[in-house]
Structures are given as structure tokens and as C-alpha cells.
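Here is a friendly walk through one model, in questions and answers. Have the coordinates open and follow along.

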Amino acid sequence: MYDESNRVVQLCVEGMQHEGFARNDHAKSCFERAWSEAQNDFKKSTAAHYLARHQPDASQKLKWDLIALQHAIQSDKTDVKNTFASLYLNVAKGYEDLNDHREALMYYQPALTHAGHLTPDPYAQMITQGIKNGLQRMKNHFLS
């Protein structure tokens, strides 16, 4: 569970609220401030995850998704373990969007493994379905 008294979390929540009202410039600004204030891997992973959503192109989005994943891997927080399926999915889709299907497959596979650790709920179902769809696209690509 995220600590709502954490300044980085507060900035990310504020950024998501701006997203909800399609104020993407304001949202990106919040996420950039969160990144600049993040002082450990857990906070950096969180901020980078949201910053990825506001990049101008697929390669920049992938860069931030990889940063988010790397900081999550390095984090000693238990909470971050629940984000691995989503983080691996984002990286896999980033490689897929850049037509690097071999690399995409290398990230879809651990995404599926980590999805098995999610608490069964609609969010987990959405992440799992996204991973399965990605793996199916990879199968279709390599079979064609």
C-alpha cells in the first residue's frame, strides 16, 4: 500500500487527477516534480512509471518504463513487488511498439509469471489479459 503522506505519492496522485481532467501538461509537471524529489528506488520507480505515460514518442516512453522497472527491481520495498506484472507489461509493449518483437517477448514472459502473484481483482484481470494479448501477438508474429 502506498504511503499517502509521502510527497512523491502526493505528486503522483495530483498528476493523476490532472490526467482525469485531460490537463496533461499539469500532470506531466507533477510527475517531473515527483521524479526530482524521489530519493529512493521505490519512489523513483513510482515517479518514472507515471512519467512514461507523458512522453512524446514510443522510444522515450520505453526509456522511462525501463527506468521504472529497474528501480522497482532494486527497491527493497515489498509493496513494489505487486507492480512487476504491470511494469514488465509496459516494457514489453514498448518494445513491441518499436517492432522489436524478440525483446518484447523477453518481457512478456516474466510479466505473465508476475501476474500469477496478483490479488484476483479487476485490475489483475486487466493486466493479465493485456499480457496474454501481447503473447498472442508475439506468437502470431513469429508464426507468420
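Helices here are DSSP runs of H or I with at least four residues, numbered from the N terminus. Please keep in mind that this is a predicted model.

Q: Where is Asn-99 found?
A: Asn-99 has a phi near 65 degrees, a positive value in a residue other than glycine. Helix H5 covers 84-97 and helix H6 covers 101-115. Asn-99 is found in the loop between H5 and H6.

Q: Is Asn-99 buried or exposed?
A: Exposed means a relative accessible area over 50%. For Asn-99 the relative accessible area is 59%, so Asn-99 counts as exposed.

Q: What is the place of Ala-22?
A: Phi of Ala-22 is near 60 degrees, a positive value in a residue other than glycine. Ala-22 is exposed, with a relative accessible area of 61%. Its place is in the loop between H1 and H2.

Q: Are H1 and H2 roughly parallel or antiparallel to each other?
A: Two packed helices are described by the angle between their axes and the distance between the axes. For H1 (residues 7-20) and H2 (residues 24-37), the axes come within 7 Å and cross at roughly 170 degrees. Angles over 145 degrees count as roughly antiparallel. H1 and H2 are therefore roughly antiparallel.

Q: How many residues of the contact of H1 with H2 are nonpolar?
A: On the H1 side the contact includes Val-8, Leu-11 and Met-16, and on the H2 side it includes Ala-27, Cys-30 and Phe-31. Charged residues take part too, among them Arg-7 of H1 and Glu-37 of H2. The contact divides into five charged residues, four polar and, for the nonpolar ones, eight.

Q: Is Ser-45 buried or exposed?
A: Ser-45 has its place in helix H3 (residues 41-52). Leaving aside neighbours within four places in sequence, Ser-45 is in contact with Ala-68, His-71, Ala-72, Val-80 and Leu-87. Buried means under 20% relative accessible area. At 4%, Ser-45 is therefore buried.

Methods. Residues are numbered from 1 along each chain as its sequence is written. This is a predicted model: local features need pLDDT of at least 70, side-chain atom pairs count only at pLDDT 80 or more; totals for chains, interfaces and linings use all residues. Side-chain values use heavy atoms; hydrogens and water are left out. Axes are lines fitted to C-alpha atoms, for helices over the stretch in contact, and angles run from 0 to 180 degrees between N-to-C directions. Helices (H or I, at least four residues) and strands (E, at least two) are DSSP runs, numbered from the N terminus. Angles under 35 degrees count as roughly parallel, over 145 as roughly antiparallel, 65 to 115 as roughly perpendicular and the rest as oblique. Contact means heavy atoms within 4.5 Å. Buried means under 20% relative accessible area, exposed over 50%, partly exposed in between (1.4 Å probe, protein chains only).
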